Amino acid sequence: MTTSSGKDKAALSSHPDKVPEEERPTAEIRFKSVQEAYEILYDDQKREIYDRHGMSAFNGSGDPGMGGAGPDLDDILAQMFGGMGGMGGMPGMDPFGGMGGMPGGPGAGPRKSRNEEQDYELSLVDLYKGKTVKFASVKNVICSLCNGKGGKEKAKAKKCSTCDGVGYQEVIRNMGQFLTKATQPCTTCNGRGSFFSDKDKCKKCKGKRTVESKKMLELYIPPGSKEGDKIVLEGEADQVPDQEPGDIVFRLVQEEHPVFERAGADLRAEIDVTLAEALTGFSRVVLKHLDERGIEITHPAGKVLESGQVLKVAGEGMPIKRSDARGDLYLIVNVKFPDEKWKPSPAVLEKLNEILPKPDAPIEAVIVDEVEYDPKGNMQEFGSKDTQDGSAWEDEEDEEPAQCTAQ
């Protein structure tokens, strides 16, 4: 059977116009999957990407992309060709072993094993300075005694009778309200198509083909890294026989910092300034940076600082990777007024009244009420006296409902 006839047969059986209306949603999914499989098979570049990385390298349209894993080409091909061992007539096929990444006996599956991804939490200080971490990794490696064969040197593997040596089984899966056929690795031979009897299994790996091994790895986080960045340790994932080892991928996650807030390469922080400093100026260290340096600000006398005012310090933000540049530091001013412990004398208060700016002109009103107030009001209580729970206003008077008068 050629690829073209297999594809035409699968596409025809899956075409939405060829099935009952209630089965069309499922048929549309299968029809698109068949088209995608055909496009990948006949594009050498896409074929090479699939052989190395599997369907996770495609975005669902048949083009390489960063999207999640689309439909499994192995499953699609198994349905197109009925789980045949060899696929003669298909370009690049081994008539006995199939092609890497496709059903057809031992060696099926993508040529690169699955990547291992995990989050790695870091403080903002670590992201600012950079960090090198050494850790012990326990992973599966190819058994050195049997070289990944799984059996003794002269032992021969037996053909699996469960899957008839193809390494895959056909199963029924639920897809919404419908049932659909799919393929999965054989549970008896673990997708190999053959297995060794207990007496013929390798003494070291017990037929598993791999053994656990511990290795020291080093993770380098360059200065200026940010949340979402990925650090890749190539080829350090679990080893799988007949496949190139996958990668260990760390996704960086930033922990919250008590002082600084980050946005891109810029940093933001609040600084407290006394009322006297805001009015008369100052020169002092206002905060300690992420590398323990003190950041000194000199604000001249005669220029009043307002609460909420922003002071931009160029070049004191985060490092920018692969360059000598840095972001900026934004300091938000918080003017602190004296608290209740401040007890100035009447003479001091009179002097302040003379020095400080005078209020605006008095507000004129026909009726003036002198009211009492709570100096410690809580804005969380704002709106709490809505006794009607936000419902529409109702007249307090009980009125008779209007009645229609017969004509």
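**A chat about the chain**

Mentor: Let's begin with Thr210, which counts as buried because its relative accessibility is 14%; buried means under 20% relative accessible area, exposed over 50% and partly exposed in between, with a 1.4 Å probe and protein chains only. This is a predicted model, where local features need pLDDT of at least 70 and side-chain atom pairs count only at pLDDT 80 or more, while totals for chains, interfaces and linings use all residues. Residues are numbered from 1 along each chain as its sequence is written, and side-chain values use heavy atoms, with hydrogens and water left out.

Trainee: Okay! Where does Thr210 lie?
Mentor: Thr210 is in strand β7, residues 210-221. Strands (E, at least two residues) and helices (H or I, at least four) are DSSP runs, numbered from the N terminus.

Trainee: And which residues does Thr210 touch?
Mentor: Leaving out residues up to four places away in sequence, Thr210 touches Asn140, Val141, Ile142, Cys143, Cys205, Gln239 and Pro241. Contact here means heavy atoms within 4.5 Å.

Trainee: Zooming out, how many helices and strands are there in the protein chain?
Mentor: The protein chain has 7 helices and 15 strands. It has 407 residues, and 34% of them count as buried.

Trainee: New topic: what is the order of the open sheet of 3 strands?
Mentor: The order is β1-β9-β8, and the pairing is mixed. Its edge strands, β1 (116-122) and β8 (230-233), each pair on one side only. Two strands pair if DSSP finds at least two bridges between them.

Trainee: How many bridges join β1 to β9?
Mentor: There are 7 bridges between β1 and β9 (residues 248-254), and the two strands run parallel. Glu116 stands opposite Ile248 in β9.

Trainee: Now the surface. Which residues make the nonpolar patch?
Mentor: Leu279, Val304, Trp342, Val348, Leu349, Leu352, Ile355 and Leu356 make a patch of about 690 Å². Patch residues have over 30% relative accessible area and no salt bridge; like charges are joined within 9 Å, and nonpolar side chains (Val, Leu, Ile, Met, Phe, Trp, Tyr) within 5 Å. A salt bridge is a side-chain nitrogen of Lys or Arg within 4 Å of a carboxyl oxygen of Asp or Glu. Areas come from the Shrake-Rupley method with a 1.4 Å probe, and for residues only the protein chains shown count as cover.

Trainee: Which helix gives the most to the nonpolar patch?
Mentor: Helix α7 (residues 346-355) does, with 4 residues.

Trainee: Why does Leu356 count as partly exposed?
Mentor: Because its relative accessibility is 38%. Leu356 sits in the segment after α7.
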